[in-house]
Amino acid sequence: MPIQSLAVRSIQAFAVLAAVAALAACETPQAQSPVGLTDLAERPAERALMGAMRSYDEADYPSVERQANEAMKLGLRSPRDVATAHKLRAFVYCTSNRLAACEAEFRAARTADPAFALSRAEAGHPVWGPVYLKSRQ
């Protein structure tokens, strides 16, 4: 095949690729539907975290610890969810007088999600509030 013919074909191939790339760039991306609660409930880690939150509301602290551990072991996807699991464990550890572990969990929550902070009411709690403040130093 003559060199000129190869050059023409190369230019044509490049032109086709450039046109395809340009069209792809102009294509409107399809909007992803938001993740719903039922979607999250199908994920084992997130389901375990929801269970830990429910157990916390019911004051079943052994279950909170077990389910938060399970959620982290299964691999929570969201940094905020990881921080929540650490926060729940911190609350359990503080209420069972494991203050060093409680402080470590607050630090781990902030490592997972730098925006992590307790609510005003949580930070004012007489048991874990002082430990939380110490963890921020």
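This is a short tour of the model, stop by stop, with something to select at each one.

**Before you start.** You are looking at a predicted model, in which local features need pLDDT of at least 70 and side-chain atom pairs count only at pLDDT 80 or more, while totals for chains, interfaces and linings use all residues. Residues are numbered from 1 along each chain as its sequence is written, and side-chain values use heavy atoms, leaving out hydrogens and water.

**Stop 1: the whole chain.** You will find eight helices and zero strands; helices (H or I, at least four residues) and strands (E, at least two) are DSSP runs, numbered from the N terminus. Of the 137 residues, 30% count as buried, where buried means under 20% relative accessible area, exposed over 50%, and partly exposed in between (1.4 Å probe, protein chains only).

**Stop 2: colour by confidence.** Now colour by pLDDT, the predictor's confidence in each residue, from 0 to 100. The chain has a mean of 83, and 74% of its residues reach 70 or more. Confidence is lowest in helix H1 (residues 3–26), with a mean of 46, and highest in H6, with 98. Select residues 13–23: the pLDDT there is below 50, and beyond near neighbours in sequence this stretch has zero contacts in the model (a contact means heavy atoms within 4.5 Å).

**Stop 3: Glu65 and Arg98.** Next come the salt bridges, each a side-chain nitrogen of Lys or Arg within 4 Å of a carboxyl oxygen of Asp or Glu. A search of the whole structure finds seven. Select glutamate 65 and arginine 98, whose closest N and O atoms are 3.2 Å apart. Glutamate 65 sits in helix H4 (residues 61–74) and arginine 98 in the loop between helix H5 (79–95) and helix H6 (99–112), so this pair ties together parts that are 33 residues apart in sequence. Arginine 98 is partly exposed, at 35% relative accessible area.

**Stop 4: along helix H6.** Select glutamate 103 and arginine 107. Both lie in helix H6, four residues apart, about one turn of the helix, and their side chains meet in a salt bridge (2.5 Å, N to O).

**Stop 5: Arg43 and Glu46.** Finally, select arginine 43 and glutamate 46, which form a salt bridge (3.9 Å, N to O). Glutamate 46 counts as buried, at 5% relative accessibility.
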